[in-house]
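Student: I have just opened this structure and would like to learn how to read it. Could you take me through a few features, one at a time?

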Amino acid sequence: MSQKADNVLRVGIDLGTSRSSVSASNGQRHVVESYVGWPADMVARKVLKKDVLIGRDALDNRSMLDLFRPLEEGLIREGSSRDAEAVKELLRHLVGLAKGEGSNGKAKVRAVVGVPAEALRVNKQHLRQSMGDLVDGLMIVSEPFAVAYGLEALLHSMIIDIGAGTADFCVMRGRLPTEEDQRTLTTAGDWLDEQLMTQIRERHPEATFSIHMVRGWKERHSFVGPAPEPVVVTVPVAGKPTEIDITDAMQAACEALMPPVIETMVDLLTRVEPEYQERVRRNIILAGGTSLIRGFDQRIERELAEIGGGTVKVVKDPLYIGSDGGLAIAMDAPDPDWDRLSGG
């Protein structure tokens with residue numbers, strides 16, 4: 001993507017519940033775990049030698065931190081002053097990464113921020129306040145719209161963007177999507193983690209493990225349909241490292257995600273004008289980390305076969321497709337369109 005010669009740095013940010021990514025017109029691209037932490041006490045501050053930790057740095061040192069996730073179930077947390085600070089620190093970090101080392105700070109920054117559709121409706125003003133002194137121009141869009149724009153899938157398509165906090169659906173009709181074109185579910189990656197934890201506890205009550213361990217197992221071994229191979233993990237049992245088979249638990253948890261996703265997809269399809277429904281069915285696009293569950297796309301195609309058939313594609317670069325889409329919007333949008341493009 002070419003840099004415009006106007007001394008403006010254009011930035012696309014995908015603000016996700018689990019991970020956030022940033023793509024910039026100067027070529028910078030980064031992914032950061034969406035965690036912000038402050039040292040819990042004077043001992044932790046002395047060990048860490050930092051006032052605030054972000055991303056992987058925060059996760060790896062979480063035992064010494066008051067750890068925050070700025071987004072939860074698709075909404076920006078607003079319960080305390082630290083929640084507000086966490087959102088701002090994460091955004092400040094992402095904008096800093098976009099500028100890159102050696103930035104002279106003279107270029108203006110225009111950012112397009114993609115958020116879950118529900119956060120766009122509820123948290124828009126809060127997000128604007130958080131970005132107020134970080135950028136010179138701002139647009140806030142729904143994540144599935146940013147994905148559609150980045151792929152140029154703007155007509156007769158449906159984006160299903162399943163991340164950690166939400167599953168966002170968006171039908172593209174060749175114009176900016178309205179609320180009626182979009183749906184948000186909270187049955188997504190975090191919900192799947194809780195289901196998997198419950199399933200494993202029921203089958204292996206003697207084992208001890210954390211939600212972070214469960215999340216890692218899901219990211220490596222999740223599947224729907226027949227098991228591609230046994231899923232065996234090592235956990236402490238009475239302090240002794242022990243192998244347990246979690247294949248059945250993994251299958252049960254992942255399968256539980258499918259009914260609400262399929263029901264929402266079909267409901268949105270039935271609301272498309274009749275003459276265009278087949279075109280949309282033939283252009284279903286999966287994005288987001290949770291859509292990488294093995295067999296997920298084939299399962300949706302089997303369900304589409306019940307209503308006339310369809311084609312499902314998985315994006316090739318799920319980590320960056322949201323921020324790349326935001327950057328594409330930032331590159332194309334003329335000045336008068338910025339507010340209108342924010343989608344209401």
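Student: By about how many helical turns are Glu85 and Arg82 separated in helix α3?

Tutor: Glu85 and Arg82 are three residues apart in helix α3, which means about one helical turn separates them. Helices here are DSSP runs of H or I with at least four residues, strands are runs of E with at least two, and both are numbered from the N terminus. Before we go on, please note that this is a predicted model, where local features need pLDDT of at least 70 and side-chain atom pairs count only at pLDDT 80 or more, while totals for chains, interfaces and linings use all residues. Residues are numbered from 1 along each chain as its sequence is written, and side-chain values use heavy atoms, leaving out hydrogens and water.

Student: What joins Glu85 and Arg82?

Tutor: A salt bridge, which is a side-chain nitrogen of Lys or Arg within 4 Å of a carboxyl oxygen of Asp or Glu. For Glu85 and Arg82, the closest N and O atoms are 3.5 Å apart. The structure holds 22 salt bridges.

Student: Are Glu85 and Arg82 buried, exposed or partly exposed?

Tutor: Buried means under 20% relative accessible area, exposed means over 50%, and partly exposed lies in between (1.4 Å probe, protein chains only). Glu85 has 33% and is partly exposed; Arg82, with 30%, is partly exposed too.

Student: Which parts does the salt bridge of Asp190 and Arg215 tie together?

Tutor: In that salt bridge the closest N and O atoms are 3.9 Å apart. Asp190 sits in helix α7 (residues 189-203) and Arg215 in helix α8 (residues 211-221), so the pair ties together parts 25 residues apart in sequence. Asp190 is buried at 18% relative accessibility, and Arg215 is buried at 12%. Both belong to a network of salt bridges that links Arg69, Asp190, Asp193, Arg215 and Lys218.

Student: Where do I find Glu255 and Arg299, which meet in a salt bridge?

Tutor: Look for Glu255 in helix α9 (residues 247-270) and Arg299 in helix α11 (residues 296-305), 44 residues apart. Their N to O distance is 2.9 Å. Glu255 is partly exposed at 22%, whereas Arg299 is buried at 14%.

Student: Now the sheets. In what order do the three strands of the open sheet stand?

Tutor: In general, strands of a sheet pair through backbone hydrogen bonds, either parallel or antiparallel. Here, two strands count as paired if DSSP finds at least two bridges between them. The order is β5-β4-β6, with antiparallel pairing. β5 (53-54) and β6 (65-68) each have a single partner strand, so one side of each is left without a neighbour in the sheet. Two bridges join β4 (residues 36-39) to β5, and Val36 stands opposite Ile54 in β5.

Student: And which strands make up the five-stranded open sheet?

Tutor: The order is β3-β2-β1-β9-β10, and the pairing is mixed. At the edges are β3 (29-33) and β10 (137-142), each pairing on one side only. Strand β9 (residues 108-115) runs parallel to β10, joined by six bridges. There, Arg110 stands opposite Gly137 in β10.

Student: Last one: is Met42 buried or exposed?

Tutor: Met42 is exposed, with a relative accessible area of 70%. You will find Met42 in helix α1 (residues 42-48).
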